[in-house]
Amino acid sequence: MSLTPQLVQPQTLDVGNDGAARRIAYILQGGTDGAKPTLVWLGGYRSDMSGTKAVEIERHARETGCACLRLDYSGHGASGGAFRDGTISRWLEESLAVIDHAVHGPMILIGSSMGAWVALRAVQVLRARGEGTRIAGLVLIAPAPDFTVDLIEPNLTEAERASLAERGYFEEPTPYGPDANIYTAGLIADGRENVVLSGMIETGCPIHILQGMADPDVPFSHALKLMEHLPADDVVMTLIGDGDHRLSRAEDIERILAAIDGVMATA
């Protein structure tokens, strides 16, 4: 397995107007089999399109003839904009803008952690537009829909609540890098406006969920809760006993790629 990313200069798309304008970076790799859906990578909170999973998915797309789209949300990776201005609504708007600009046929959305929330909201928006048939499938990795509502807000300490009220954000140490995670009052308030686990989620497409049972950030019970809200769809879940949140080990990557192939076969 090669983990070396292709040295491709990202393209950019301007999203938003006036003070809300930001330049979003993306990489679109063309496919050789026009009958296959485009693989669309939607990363997690503070992740970018140069990560192991994104790069390996693009490599797999190249080997199987699929087109592949990777993008960075504002405040992430090669995109412009301030991270602290980020919200689910903002990152959803950017994702849909790039998808509308770059993808013209069916697609499989591959959402990692927060990216699964963005993917599910994208499906809702596209179905509301009458464009639900554009979604050929979903692959959701350690999915964290509604994480601000279900996983952050109920566990806030008094100090964190005070920091949100006084400074508009709080910080939380993370094992994934030297810089603390920053959660803003805007992100948390916006999360309540984007809840998806409040009723039945209809996607109209096959779904494969991959979840580590040793995930310290998103408990596997959250993935089971998500399944309860997908009663009308063809859903497969893979629980990985020793899997962590990132699911970036070689064996995890192989599971993800197999899930993509499985969804594509039933799409």
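Analyst: Leu 226 is found in helix α7, which covers residues 220–228. Helices here are DSSP runs of H or I with at least four residues, strands are runs of E with at least two, and the numbering starts at the N terminus. Please keep in mind that this is a predicted model, where local features need pLDDT of at least 70 and side-chain atom pairs count only at pLDDT 80 or more, while totals for chains, interfaces and linings use all residues. Residues are numbered from 1 along each chain as its sequence is written, and side-chain values use heavy atoms, with hydrogens and water left out.

Leu 226 counts as buried because its relative accessibility is 0%; buried means under 20% relative accessible area, exposed over 50%, and partly exposed in between, with a 1.4 Å probe and protein chains only. Leaving aside residues up to four places away in sequence, Leu 226 touches Leu 120, Leu 140, Pro 143, Pro 145, Leu 197, Ile 201 and Ile 209, where contact means heavy atoms within 4.5 Å. For a sense of distance, Glu 131 is 95 residues from Leu 226 in sequence and 23 Å away in space, C-alpha to C-alpha.

Leu 120, Pro 145 and Ile 201 are also among the contacts of Val 196, together with Trp 117, Arg 121, Gln 124 and Asp 146, again not counting residues up to four places away in sequence. Val 196 sits in the loop between α6 (185–192) and β9 (207–212), and at 2% relative accessibility Val 196 counts as buried.

That brings us to helix α3, which runs over residues 114–128. Its 15 residues reach 21 Å from first to last C-alpha, close to the 21 Å expected; the expected span is 1.5 Å times one less than the number of residues. Helix α3 is mostly covered, with 11 of its 15 residues buried, including Trp 117, Leu 120 and Arg 121. An α-helix has 3.6 residues a turn, so residues three or four places apart point the same way. Just after α3, Gly 130 takes a positive phi of about 85 degrees.

Glu 131 also forms a salt bridge with Arg 129, the closest N and O atoms being 3.2 Å apart; a salt bridge is a side-chain nitrogen of Lys or Arg within 4 Å of a carboxyl oxygen of Asp or Glu. Arg 129 is partly exposed at 38% relative accessibility, and Glu 131 is partly exposed at 25%.

By this rule the model has 18 salt bridges. In one of them, Arg 134 pairs with Asp 100, with 2.9 Å between the closest N and O atoms. Asp 100 lies in helix α2 and Arg 134 in the loop between α3 and β6 (135–141), so the pair ties together parts that are 34 residues apart in sequence. Asp 100 is partly exposed, with a relative accessible area of 31%, whereas Arg 134 is buried at 17%. Helix α2 itself spans residues 88–102, and its buried residues include Trp 91, Leu 92 and Ile 99.
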